[in-house]
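Visitor: Could you walk me through this model, please? I would like to begin with one of the helices.

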Amino acid sequence: MSRPRPARRASRRVTAFVAVATAAVLALSGCATWFTGDYANGGTGAGAGGGTGGTSTSTPTAEDVPAELQPFYGQILEWESCSGSFQCATAKAPLDWSNPGGDTVDLALIKKPTSGTKQGSLFVNPGGPGGSAYDFVEQSADYAAHPTLQSAYDLIGYDPRGTGHSDAVKCLTDEERDAYLYDLIPGERGSDEWLAAYTAAAKDFADKCAENTGPLLEFIDTDSTTRDLDMLRAVVGDPKLNYLGYSYGTFLGAEYAENFPSKVGRMVLDGAEDPSSSGFDISISQAAGFEQALKNYLTDCAGRSDCWFQGSADQALTGIQKLLAKVDQSPIRASDGRELGASNLLTAVFYPLYNQENWSYLDTLFQTVGDGQADFAFQLADAYNSRNADGTYADNLIESFNAISCADYPATTDPAVIAEQNEKIVEASPTVGPYWTYSDISCSQWPYPSRRVPAPVTAAGSGPILVVGTTGDPATPYKWAEALAGQLENGHLVTFQGEGHTAYNSSTCVADAVDAYFLEGTVPATDPDCTN
């Protein structure tokens with residue numbers, strides 16, 4: 001989903017489901033600079049003010065659940081002080097919710113206790129799939145939920161099964177991740193040689209995930225995660241779920257609402273995904289979304305005196321298409337020996353497009369690559385891929401993204417259908433599309449078939465759900481927010497007329513609407529159609 005992550009997360013294989021950019025610190029122009037991605041530089045982090053640390057225990061709700069689920073819904077969390085003002089705990093969930101007497105999964109939680117009178121708990125999810133909500137809260141609490149909300153709610157981030165600090169998907173060593181993400185695929189794109197090599201790499205990745213992860217890999221789907229989330233809601237003592245989800249987190253929230261509509265408290269879904277979309281629907285929409293975002297950047301650049309190109313935005317876009325074709329045929333070698341091809345260059349392009357404040361990085365990117373230099377492009381691509389300067393990786397987002405995406409979306413394997421889809425993607429996105437084809441190859445090699453069928457959600461009988469969409473969002477296009485708000489029986493659309501991915505931290509108008517809803521239960525009578 002997004003979250004973008006060029007889907008299946010492989011930057012050399014820019015495929016579907018681009019959704020969330022992780023926080024990263026880049027060494028740009030010789031100095032350490034916060035890169036304002038989905039939640040970088042979000043404010044309060046470890047040791048920040050607000051609630052106190054210390055220890056506590058949870059008081060679960062007395063849920064009326066089957067006897068075999070009582071040990072899970074009735075478990076008592078032991079919250080321990082961690083990272084200064086935070087508390088941490090571990091919960092257990094059934095590996096297979098249809099067989100709760102079998103193996104279990106450990107789920108890691110972090111809480112920032114409220115600084116005021118408590119209204120309840122507020123669960124947050126930053127997206128992905130595979131983004132760490134634990135790290136999100138610990139490192140960027142004020143971005144995850146503004147201080148006004150922290151004064152009324154315990155802020156909780158938990159890592160979904162397979163991700164981050166919970167029992168996680170494990171596939172590759174750091175060296176193997178480098179090869180998977182950055183090694184160029186031999187042969188001309190789309191040729192038999194290229195497809196064979198691409199398929200072999202995807203199978204190798206899937207086989208290693210199965211070998212190194214074990215039984216967890218079969219139960220990594222979002223439906224299982226919604227059941228974990230409902231259990232955690234009960235365990236922390238909340239009769240209903242209060243939830244703020246970004247990007248893929250909106251998909252998780254929508255599916256939760258569909259499965260547990262009577263348990264929905266106050267829910268906001270920002271950067272919404274459309275649960276009725278197929279994998280191909282997502283691919284073509286995101287390809288077109290990033291194409292449009294790139295055009296918007298070029299139009300903005302053309303109006304500046306210091307713009308890196310001369311002429312019109314359309315002329316510059318044609319130049320970028322030629323540049324991508326050029327590096328695809330003749331990759332540029334970086335100082336560390338890696339070769340920059342078109343897919344990795346697109347990864348570098350996508351990262352700044354998540355936030356308009358970062359568009360200036362694109363100036364440097366196109367200037368340096370145009371001059372035959374690849375180092376800056378790899379700095380951006382590495383930040384997107386959670387790769388540290390020493391070649392290690394900060395998280396397991398590559399693995400968990402693939403695992404959850406393949407569990408949630410059936411792969412297309414019919415060559416005739418794939419060929420038709422490829423044509424449509426290129427037509428919809430002449431710049432991005434040619435490098436976004438064959439997106440289902442990764443999941444076609446996955447050891448477990450998807451059990452989910454994409455379908456609309458209604459959440460019949462739920463409380464009001466706010467669905468936030470940004471008109472210029474490249475990763476979760478605005479039409480998805482419109483679709484989700486329309487599907488939900490009690491959905492309410494909040495629009496931000498702007499650029500970038502998600503709006504709560506970009507628009508004062510959106511933030512005011514969201515905060516009023518969480519604090520007072522105020523539902524906008526009509527779409528506020530925010531412009532600032």
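Guide: In helix α12, the buried residues are F376, A377, F378, L380, A381, D382, A383 and Y384. Buried means under 20% relative accessible area, exposed over 50%, and partly exposed in between (1.4 Å probe, protein chains only). Helices (H or I, at least four residues) and strands (E, at least two) are DSSP runs, numbered from the N terminus.

Visitor: Before we go on, what kind of model is this?

Guide: This is a predicted model, in which local features need pLDDT of at least 70 and side-chain atom pairs count only at pLDDT 80 or more, while totals for chains, interfaces and linings use all residues. Residues are numbered from 1 along each chain as its sequence is written, and side-chain values use heavy atoms, with hydrogens and water left out.

Visitor: Back to α12, then. How many of its residues are buried?

Guide: Eight of the 10 residues of α12 (residues 375-384) are buried, so the helix is largely enclosed by the rest of the structure. Just after α12, S386 has a positive phi of about 60°.

Visitor: And what follows α11?

Guide: G372 follows α11, and its phi is positive, near 85°. Helix α11 itself (residues 359-370) has 12 residues and reaches 17 Å from its first C-alpha to its last, close to the 16 Å expected at 1.5 Å a residue; the expected span is 1.5 Å times one less than the number of residues. Buried residues in α11 include W359, L362 and F366.

Visitor: Let us turn to the sheet. What is its strand order?

Guide: The sheet is open and has 10 strands in the order β3-β4-β5-β6-β8-β7-β9-β10-β13-β14, with mixed pairing. Two strands pair if DSSP finds at least two bridges between them. The edge strands, β3 (56-57) and β14 (491-499), each pair on one side only.

Visitor: Which way do β6 and β7 run relative to β8?

Guide: β6 and β8 run antiparallel and are joined by four bridges, with L155 in β8 as the bridge partner of K112. β7 and β8 run parallel, joined by five bridges, and F123 stands opposite I156 of β8.

Visitor: Is β8 enclosed or exposed, and why?

Guide: Six of the six residues of β8 are buried, so the strand is largely enclosed by the rest of the structure. Y153, L155 and G157 point one way from β8, whereas D154, I156 and Y158 point the other way.

Visitor: Which strands does helix α2 touch?

Guide: Helix α2 (residues 133-144) packs on the sheet, touching β4, β5, β6 (104-112), β7 (120-125), β8 (153-158) and β9 (241-246), and its direction makes about 140° with that of β8. Contact means heavy atoms within 4.5 Å. Axes are lines fitted to C-alpha atoms, for helices over the stretch in contact, and angles run from 0 to 180 degrees between N-to-C directions. Helix α6 (residues 222-235) lies across β5, β6, β7, β8 and β9, at about 125° to β5.

Visitor: A change of topic: how many aromatic pairs are there?

Guide: The count is 23 aromatic pairs. Rings of Phe, Tyr and Trp (its six-membered ring) pair if their centres lie within 6.5 Å; planes under 30 degrees apart count as stacked, over 60 as edge-to-face and the rest as tilted. The rings of Y73 and W97 have centres 6.4 Å apart and planes at 75°, so that pair is edge-to-face. Y73 and W97 are both buried.
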